Amino acid sequence: MKLDTNTTAQTLGDYAYQAIQKHYKKTLKWEKSVKKDEDPEALHQMRVGMRRLRTSVSRFVIALDLSKPISDKNIGKIARRLGNLRDLDVLKQTIEKDYKPRLSNKEQKYLHTAFDALAKQREHALATVQTTLKDESYKSLKQSMEEWLEKPSYKDLASITIQQVLPDLLLPEVSQFLLHPGWLVGTEVGESELKIRKGWEAEKVEQELANKGETLHSLRKQAKRVRYQMDLFSDLYNEFYAAYIADVKSIQDILGAMHDGVVLTEWLEDVFKSDMHTHLHGLTKLLAENRYQLWQQWQPLQERYLKTETRHGFHLTILHPKESAFSTEDEISEQTIG
């Protein structure tokens, strides 16, 4: 049964329909502009819409009867191609706004080589996106989505009220997030207790990022998945839930910026080869300083989320949606974060 968009969602199926409809419409809204390459913001918004559509489909598939084109794999492929183009736009923007103004005139001129290389790569990535948005796979996804939204088909689980299944939907993803090995980067075990290793010099941080940077990037991706899933149900929870979403977003942003700096460095080294450290010494130094500052921002969040109270509070918050909220202020205060 098709759900009226003005109707308050009650069941798992209702929530699934509203989430998929919302993010599919957002994706379509920006499609024409992306095809014409009119505005970098349109590309960003379409990429976000596609990613959130993918989250909605993958998380709700247990309750939905979907045709083959509407799959995590198919949506993910399209989102990645949009992402490759978007990443190049972000790379250019980062160099131009965050670093170029702080460089000497000599280094700024030397960067022209980087911008030329970026333009060529972007031209190729744009052609790939434009081809993707015209091919049968994308057309099939759109047609299948339109048909399903017009006449949705569900599995038995869809009829269960959302309150009954909320924790079961959210806790597995949160558990993967909290058990991720990225939390252990830069820690040591002392007297059977995990401790954050503080006071590292910049050189030591660089070494740790070189060895464990991919692990932190993997944690960032898990944070993004958790945030997208939690966002689907933010209206069903209280302010403590919103605070955890804000924390997860901060973790995602900080680790993302840290990884972006590593990617930018590697990309520049690929463009300039051994000349980078000779001719772009100032930029190399700025990139390292930025990574060090981000490391300082990351450690307090890392320390908070290695605490038992924070983890238990996270789980307790998810276990108690608004409809089954704590009965007293004292019980609510026990959920405070960190």
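Select Asp37. Aspartate 37 is partly exposed, with a relative accessible area of 32%. Find this residue in the loop between α1 (12-36) and α2. Now check its backbone. Aspartate 37 has a positive phi of about 55°, although it is not a glycine. Most residues other than glycine have a negative phi. Keep in mind throughout that this is a predicted model.

**The whole chain**

Zoom out. The protein chain has 13 helices and 2 strands. Along the principal axes, its C-alpha atoms fill a box of roughly 65 × 60 × 25 Å. Buried residues account for 46% of the 338 residues. Take the contacts between residues at least 6 apart in sequence: 78% of them join residues at least 24 apart. The accessible surface comes to about 17700 Å², and 49% of it belongs to carbon and sulfur atoms. Colour by charge next. There are 50 positive and 50 negative charges, and their mean positions are 6 Å apart.

**From α2 to α3**

Show the side chains of Arg54 and Asp72. Arginine 54 and aspartate 72 meet in a salt bridge, at 2.9 Å from N to O. This pair links distant parts of the chain: arginine 54 belongs to helix α2 and aspartate 72 to helix α3, 18 residues apart. How exposed is arginine 54? Arginine 54 counts as partly exposed, at 28% relative accessibility. Aspartate 72 is partly exposed too, because its relative accessible area of 31% falls between the 20% and 50% cut-offs.

Stay here and select Ile62. Isoleucine 62 lies in the loop between α2 (40-60) and α3. Its relative accessible area is 44%, which makes isoleucine 62 partly exposed. Val61, Ile62 and Leu157 form a nonpolar patch on the surface. Together they have about 210 Å² of accessible area.

Next, select Lys73. Lysine 73 lies in helix α3 (residues 72-99). Is lysine 73 buried or exposed? Lysine 73 is exposed, because its relative accessible area of 70% is over the 50% cut-off.

- Select Glu31, Lys35 and Lys142. These residues are linked in a network of salt bridges.
- Select Arg197 and Glu188. Their side chains meet in a salt bridge, at 3.8 Å from N to O. Arginine 197 counts as partly exposed, at 32% relative accessibility. Glutamate 188 also counts as partly exposed, at 39%.
- Select Arg304 and Asp247. Their side chains meet in a salt bridge, at 2.7 Å from N to O. The pair links distant parts of the chain: arginine 304 in helix α11 (residues 281-305) and aspartate 247 in helix α9 (residues 239-272), 57 residues apart.

Which category does aspartate 247 fall into, buried or exposed? Aspartate 247 is buried, because its relative accessible area of 10% is under the 20% cut-off. Arginine 304 counts as partly exposed, at 28% relative accessibility.

Terms used
Residues numbered from 1 in each chain as written. Predicted model: local features only at pLDDT ≥ 70, side-chain atom pairs only at ≥ 80, totals over all residues. Heavy atoms only, no water. Helix = DSSP H or I, 4+ residues; strand = E, 2+ residues; numbered from the N terminus. Buried < 20%, exposed > 50% of the residue type's maximum accessible area, 1.4 Å probe, protein only. Contact = heavy atoms within 4.5 Å. Areas by Shrake-Rupley, 256 points an atom, 1.4 Å probe, with all protein chains shown as cover. Lys, Arg positive; Asp, Glu negative; His and termini not counted. Charge placed at Lys NZ, Arg CZ, Asp CG, Glu CD. Patch = residues over 30% accessible without salt bridge, like charges linked within 9 Å, V, L, I, M, F, W, Y side chains within 5 Å. Salt bridge = Lys/Arg side-chain N within 4 Å of Asp/Glu carboxyl O.
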